[in-house]
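Subject: Structure for you to look at, with notes

Dear colleague,

Below is the structure I promised to pass on, and my notes on it follow. Please keep the view open while you read, as the notes move from one part of the chain to another.

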Amino acid sequence: MMQHTLRTCMALLCLIPGMGQSCGYDALYPNPFEQSWPGTVNIAMATAAAVSSDRLASLPPLTGEAGFTRSQAWLQSLKSRFQKAGIQGGISILLIDSGLWSRVRGKESLLLQLHTPGPHPTDRVMLLSEAAINAMLEGTLTIERALQLGVVELQGDKSMQLQRDLQLALSSQA
């Protein structure tokens, strides 16, 4: 029943002009190496290097509904950890493997928006690979190490507040 509802919602979003944003899970998204957002190619290459040198665990590739569901679970878990740590929203997240843009917004109560058209102009921006978000949520990769490896990039974070927020959020279990 849940799968049927999810399929129906995704199909309806695609029919509404401007509402459905395509990503790799929709089978409409191009090669991740062709993405136009600055930094995505570097993260893809750094992730491949980290996986091939066993510094980051590889993930089985999932596409379509299964891939979207897995990414949604990761993003929901990250949002829950932000909420538990008392971190405010205003964070746009790009999973570079699929091109899935998402946004965590709100102050006391956070909301996760999936399939956003890109970052909100005032948001802090986090670019990362699926392998990176999985490892960070499992506790096998710190944000500091992820930044060193180049599998995560925090754009517009000159004060390093987003890095501190991620460190706090990832240290809590949701």
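How many aromatic pairs does a search of the whole structure find? It finds one, and please bear in mind here and throughout that this is a predicted model. The pair is made by tryptophan 37 and tryptophan 101, whose ring centres lie 5.2 Å apart with the planes at 80 degrees, so the arrangement is edge-to-face. Tryptophan 37 sits in the loop between helix H1 (2-15) and H2, whereas tryptophan 101 belongs to strand E2, so that the pair links distant parts of the chain, 64 residues apart.

Strand E1 (residues 91-95) and strand E4 (residues 124-128) pair in the parallel sense over five bridges, and leucine 94 stands opposite leucine 127 in E4. E2 and E3, by contrast, run antiparallel and are joined by four bridges; arginine 103 has glutamine 113 in E3 as its bridge partner. These two strands form a hairpin with five residues between them, and glycine 106 in the turn has a positive phi of about 115 degrees.

Helices against the sheet

H3 has 22 residues and reaches 32 Å from its first C-alpha to its last, which is close to the 32 Å expected at 1.5 Å a residue. Its buried residues are Glu65, Gly67, Phe68, Arg70, Ser71, Trp74, Leu75, Leu78, Lys79, Arg81 and Phe82. As a reminder when you look at that list, an α-helix has 3.6 residues a turn, so residues three or four places apart point the same way. Just after H3, glycine 86 takes a positive phi of about 75 degrees.

The nonpolar cores

Which residues touch the most other members of the largest nonpolar core? In this core of 35 residues they are Val151 and Val152, and the largest share of the core, six residues, comes from H4. Apart from it lies another core, of seven residues, among them Ile43, Ala44, Ile96 and Val125.

Valine 152 deserves a look of its own. This valine is found in strand E5 and counts as buried because its relative accessible area is 3%, below the 20% cut-off. Leaving aside its neighbours within four places in sequence, valine 152 is in contact with Ile43, Met126, Leu127, Leu128, Ala132, Met136, Ile143, Ala146 and Leu147. Valine 152 and leucine 95 are 57 residues apart in sequence, and their C-alpha atoms are 9.8 Å apart in space.

Two backbone angles to check

Most residues other than glycine have a negative phi, and with that in mind I would point you to two residues. Aspartate 54 has a phi near 60 degrees, a positive value in a residue other than glycine. Its place is in the loop between helix H2 (40-52) and helix H3 (64-85), and at 71% relative accessibility aspartate 54 counts as exposed. Methionine 160, likewise not a glycine, has a positive phi of about 65 degrees. Methionine 160 lies in the loop between strand E5 (152-155) and helix H6 (161-170), and is partly exposed, with a relative accessible area of 42%.

With best wishes

Definitions and conventions:
Residues are numbered from 1 along each chain as its sequence is written. This is a predicted model: local features need pLDDT of at least 70, side-chain atom pairs count only at pLDDT 80 or more; totals for chains, interfaces and linings use all residues. Side-chain values use heavy atoms; hydrogens and water are left out. Buried means under 20% relative accessible area, exposed over 50%, partly exposed in between (1.4 Å probe, protein chains only). Two strands pair if DSSP finds at least two bridges between them. Rings of Phe, Tyr and Trp (its six-membered ring) pair if their centres lie within 6.5 Å; planes under 30 degrees apart count as stacked, over 60 as edge-to-face and the rest as tilted. A nonpolar core is a set of buried Ala, Val, Leu, Ile, Met, Phe, Trp, Tyr and Cys residues joined through side-chain atoms within 4.5 Å. The expected span of a helix is 1.5 Å times one less than its number of residues. Contact means heavy atoms within 4.5 Å.
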